[in-house]
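Here is a short report on selected local features of one model.

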Amino acid sequence: MITVRDPHPWPATETEAEALQRRLRPRVRFDGVPEEVRYAAGLDVDYREDSDELVAAVTVLDLADLSVVDSAVVRDRPRFPYVPGLFAFREAPPLLDALQRLTIDPDVLVCDGQGLAHPRRFGLACHLGVLTDLPSIGVGKTPMGHYDPPGQNRGDWTPLHMDDDEVGRALRTRTGVKPVFVSVGHRYTLQAACDLVLTLTPTYRLPETTRTADHLGRQAE
DNA sequence: GCGACAG
DNA sequence: ATCTTGTCGC
């Protein structure tokens, strides 16, 4: 069962939110990497424009055949506006609720957004990883840093930089298609994260984890 | 001051 | 995120 470590009051202002990121940032671990990964969770949030609500969806996939073996959906009111760099304060609350309703504990969280590829090196994937102490990675569709385009073949990659740090990779998951942007969240290595993303993208640009969670969220009433 | 800025 | 057009995958 998944539990939230050291639950903290949710910040009300951007200043408080940034301070909380700086306080939690040292809790990101780079050891404790899982030796075997069988279950990967996909996390996604759907925005309902008319009802002013968020729908958080989580799916758990068996890496052996990419079948969905567990899932959870949670509806919630947004508790924070969308602010670049403070994304987690909008999406994390319902996602944490959904994670705690899972029956199968995932070995890794595959988050829709960034991990270390973040202005304060503490994106959504880091935040969720630290709060649950689960291994996590971030897979973003849009980079926050700079990169040179990787080669055109599936599997090709280039470093993703922010300031002078190497914070992730631009990874080509489909030949000739725009890359995705992979970064570590918690208790994972960048190489293993990229290997996992390639396992999760036999057909499409985005990981099956993200796609199944996205489908679940929009089908939910 | 100006631009850039995950979903 | 969402909107919109053309193209591709199933």
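Predicted model: local features only at pLDDT ≥ 70, side-chain atom pairs only at ≥ 80, totals over all residues.

Which backbone oxygen does the side chain of Arg 172 reach at 2.9 Å, in residue 151? The side chain of Arg 172 reaches the backbone oxygen of Gly 151 at that distance.

Residues are numbered from 1 along each chain as its sequence is written, chains are lettered from A and ligands numbered from 1 in the order in which they are written, and side-chain values use heavy atoms, with hydrogens and water left out.

**Arg 172**

Arg 172 sits in the loop between strand E7 (165-171) and strand E8 (180-186). Helices (H or I, at least four residues) and strands (E, at least two) are DSSP runs, numbered from the N terminus. Arg 172 is buried, yet it has no salt bridge. Buried means under 20% relative accessible area, exposed means over 50%, and partly exposed lies in between (1.4 Å probe, protein chains only). A salt bridge needs a side-chain nitrogen of Lys or Arg within 4 Å of a carboxyl oxygen of Asp or Glu. For Arg 172, the nearest side chain of opposite charge is Asp 156, 6.0 Å away. Here Lys and Arg count as positive and Asp and Glu as negative; His and the chain ends are not counted.

Leaving aside neighbours within four places in sequence, Arg 172 is in contact with residues including Pro 150, Asn 153, Asp 156, Lys 178 and Leu 198. Contact means heavy atoms within 4.5 Å.

**Side chains that reach backbone oxygens**

| Side chain | Backbone oxygen | Distance |
|---|---|---|
| Arg 172 | Gly 151 | 2.9 Å |
| Arg 205 | Lys 178 | 3.0 Å |

Where is Arg 205 found? Arg 205 lies in the loop between H4 and helix H5 (208-219). Arg 205 and Lys 141 are 64 residues apart in sequence, and their C-alpha atoms are 9.3 Å apart in space. Not counting residues up to four places away in sequence, Arg 205 touches Lys 141, Thr 173, Arg 174, Val 177, Lys 178, Pro 179, Val 180 and Phe 181.

Thr 158 belongs to strand E6 (residues 157-162). Thr 158 is buried, at a relative accessible area of 13%. Beyond four places in sequence, the residues it touches include Tyr 147, Asp 148, Gly 168 and Ala 170.

Helix H2 (residues 88-100) has 13 residues. From first C-alpha to last, H2 reaches 17 Å, close to the 18 Å expected at 1.5 Å a residue. The expected span is 1.5 Å times one less than the number of residues. H2 is mostly covered, with 11 of its 13 residues buried. Among them are Phe 89, Arg 90, Glu 91 and Leu 95. The buried residues of H2 pack against elements including helix H1 (14-24), strand E1 (39-48) and helix H3 (124-132).

H3 is largely enclosed by the rest of the structure, because nine of its nine residues are buried. Its buried residues pack against H1, E1, H2, E4, strand E5 (136-140) and E8.

**Cysteines**

How many disulfides does the structure hold? The count is zero. A disulfide is a pair of cysteine sulfur atoms within 2.5 Å. The sulfur of Cys 111 has its closest cysteine sulfur in Cys 126, and at 8.9 Å that is too far for a bond. Cys 111 is buried at 0% relative accessibility. Cys 126 is buried too, with a relative accessible area of 0%.

**Positive phi**

Just after H3, Asp 133 takes a positive phi of about 55°. Asp 163 has a phi near 55°, a positive value in a residue other than glycine. Asp 163 lies in the loop between E6 and E7 and is exposed, at 66% relative accessibility. Phi of Arg 187 is also near 55°. Arg 187 is in the loop between E8 and helix H4 (190-199).

Definitions and conventions. Polar contact = N/O pair within 3.5 Å; in protein donor to acceptor, adjacent residues only side chain to side chain.
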